Amino acid sequence: MVRALVFDVGETLIDETRIWSRWADRLGVTRFTMLGVLGGMAALDRSFEDAFRLIRPGFDVEAEQEAWKLEDPDGLRVNFDADDLYPDVRPGLAALRDLGYELIIAGNQPPQAYDALAAMDLPVDGIHTSDGWGVSKPDPGFFAKVVAVSGREPGEILYVGDRLDNDVRPARAAGMRTALIRRGPWGYLHAARPEAGEADFAVDDFPALVAALTREAAG
């Protein structure tokens, strides 16, 4: 039985539309172009860094971020805040907590993401980032950390994310149960693949996740 839920961040909890829109403005292309190219990379199982390099060959993401930080130190740039939280997340987490689940956030995020998430005062029991752990998904070491911080058996953990490659498959390989949430480019594309059936649950949003777990608990 599931006793703990662990959540990915980008396009699971956080709507990244504003982040990618700011990148489009930064790169001097239309937002439609930026989002379209990003979607193409997702469909081809290529990284978001490839989207940058397609738009601007030879692009150095880290160097550009450093330059951007110097030019706009107080801006959000590639970061997020509470305005980027999907509207169903806070009530969904509250409902899951009322059902008695332990709730943990753990995703591939830079160091500043921890403070941004903590400032939202979400009803969760822990917040962790790949930067803080020194290991990123889909590395098995990341999911070993998930098990360690939860204090649960792997089979008692449900990992919730929007990707098959970074979330469902490696979490499943670690012995966890999984939920694929169908939002964001990867979420929609991956949910349409036959491999989406590997997830224990495929849901469109947090109300659907709450409903699925409630039905399972009821037997």
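The structure is a predicted model, and its secondary structure comes to 11 helices and 6 strands. With a radius of gyration of 17 Å, close to the 17 Å that the globule rule gives for 219 residues, the protein is as compact as a globular protein of that length.

**Overall dimensions and packing**

- Along its principal axes, the C-alpha trace of the protein spans about 55 × 35 × 30 Å.
- Of the 219 residues, 46% count as buried, while the accessible surface of the protein comes to about 10300 Å², with 52% of that area belonging to carbon and sulfur atoms.
- Among the contacts with a separation of 6 or more, 60% are accounted for by residues 24 or more positions apart.

**The largest pocket**

- The largest pocket holds about 1300 Å³ of space and is lined by 40 residues, of which Phe-48, Gln-65, Asn-108, Gln-109 and Pro-110 lie nearest its centre.
- Six helices, namely α1 (17-27), α3 (48-55), α4 (61-71), α6 (111-119), α7 (130-133) and α9 (164-173), each supply at least two residues of this lining, and α4 gives the most, with 5 residues.
- Sorted by class, the lining of the largest pocket has 16 nonpolar, 10 polar and 14 charged residues.

**Helix α1 and its surroundings**

- The buried residues of α1 are Ile-19, Trp-20, Ser-21, Arg-22, Trp-23, Ala-24 and Leu-27, a list that includes the charged residue Arg-22.
- These buried residues of α1 pack against α2 (31-43), α3 and α4; of these partners, α3 and α4 each also supply at least two residues of the lining of the largest pocket, as does α1 itself.
- Just after α1, Gly-28 takes a positive phi of about 80°.

**Asp-84, a buried residue in a loop**

- Asp-84 lies in the loop between α4 and α5 (89-98).
- The relative accessibility of Asp-84 is 3%, and because buried means under 20%, Asp-84 counts as buried.

How values were computed. Residues are numbered from 1 along each chain as its sequence is written. This is a predicted model: local features need pLDDT of at least 70, side-chain atom pairs count only at pLDDT 80 or more; totals for chains, interfaces and linings use all residues. Side-chain values use heavy atoms; hydrogens and water are left out. On a 1 Å grid over the protein atoms alone, a cavity is a set of points where a 1.4 Å probe fits but cannot get out, and a pocket is an open set with protein on both sides within 12 Å along at least five of seven lines; lining residues have an atom within 4 Å of a point. Grid points are joined across faces, edges and corners, and a volume is the space filled by probe spheres set on the points. Helices (H or I, at least four residues) and strands (E, at least two) are DSSP runs, numbered from the N terminus. The radius of gyration is taken over C-alpha atoms; the globule rule is 2.2 Å times the number of residues to the power 0.38. Buried means under 20% relative accessible area, exposed over 50%, partly exposed in between (1.4 Å probe, protein chains only). Contact means heavy atoms within 4.5 Å. Accessible areas come from the Shrake-Rupley method with a 1.4 Å probe; for residues, only the protein chains shown count as cover.
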